Amino acid sequence: MCSWNIKALCLGCLGCLDEPMPLINALQIFFTYAADEIDKGPTPDPADAAGPIPLNMPRADVHKRLRTARKYIDLAIEHEMAGRPLSAQHALHQVLPELVPDADGTQEEADRLARTVRSGGTAATGLGLATGLVTPTRAWGD
């Protein structure tokens with residue numbers, strides 16, 4: 001996507017932002033707006049000086065990337081709200097690698113999974129396994 005297309009989408013999105021908000025929420029709104037607008041068709045030139053702004057790549061690819069960025073922003077918000085700032089930073093790095101340094105949220109994720117299992121839930125590991133809390137019982141009596 002060319003930078004002029006991004007700028008035009010930002011200008012169009014300004015109407016969506018009617019009050020001050022955290023930057024992460026503004027990014028969430030922008031990526032939603034941009035994906036919806038790209039899905040509708042070419043971005044018009046806001047100055048009406050030229051025709052529609054080119055994407056420089058297939059529309060389906062641009063739409064997919066914008067939706068993926070939105071999902072990472074959603075994930076970052078989820079991590080931040082749950083008290084996992086390193087995991088949130090890692091998710092933001094996926095969208096803005098030049099601006100947000102990567103962070104290792106491995107320990108935060110391990111702690112989250114351990115809490116889930118301890119509370120009686122299940123934790124799906126990267127291996128596709130589900131591990132539940134094992135409650136010892138004394139089936140043979142006292």
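**Salt bridges and cysteines at a glance**

Arg 112 and Glu 109 sit 3 residues apart in helix α5 (residues 106-118), so about one helical turn separates them. Helices here are DSSP runs of H or I with at least four residues, numbered from the N terminus. Keep in mind that this is a predicted model: local features need pLDDT of at least 70 and side-chain atom pairs count only at pLDDT 80 or more, while totals for chains, interfaces and linings use all residues. Residues are numbered from 1 along each chain as its sequence is written, and side-chain values use heavy atoms, leaving out hydrogens and water.

**Salt bridges**
- The count comes to 3 salt bridges, each being a Lys or Arg side-chain nitrogen within 4 Å of an Asp or Glu carboxyl oxygen.
- Arg 112 bridges to Glu 109, with the closest N and O atoms 2.5 Å apart.
- Asp 74 pairs with Arg 70 at 2.7 Å, N to O; both lie in helix α3 (residues 59-81), 4 residues apart.
- Lys 40 meets Glu 37 at 2.9 Å between the closest N and O atoms, and these two are 3 residues apart in helix α2 (residues 23-40).

**Exposure of the partners**
- Lys 40 is exposed at 66% relative accessibility (exposed is over 50%, buried under 20%, partly exposed in between; 1.4 Å probe, protein chains only).
- Glu 37 is partly exposed at 22%, as is Asp 74 at 27%.
- Arg 112 comes out partly exposed at 27%, and Glu 109 is partly exposed at 25%.

**Cysteines**
- There are 0 disulfides, meaning pairs of cysteine sulfur atoms within 2.5 Å.
- Cys 2 is buried at 16% relative accessible area, and Cys 13 is buried at 2%.
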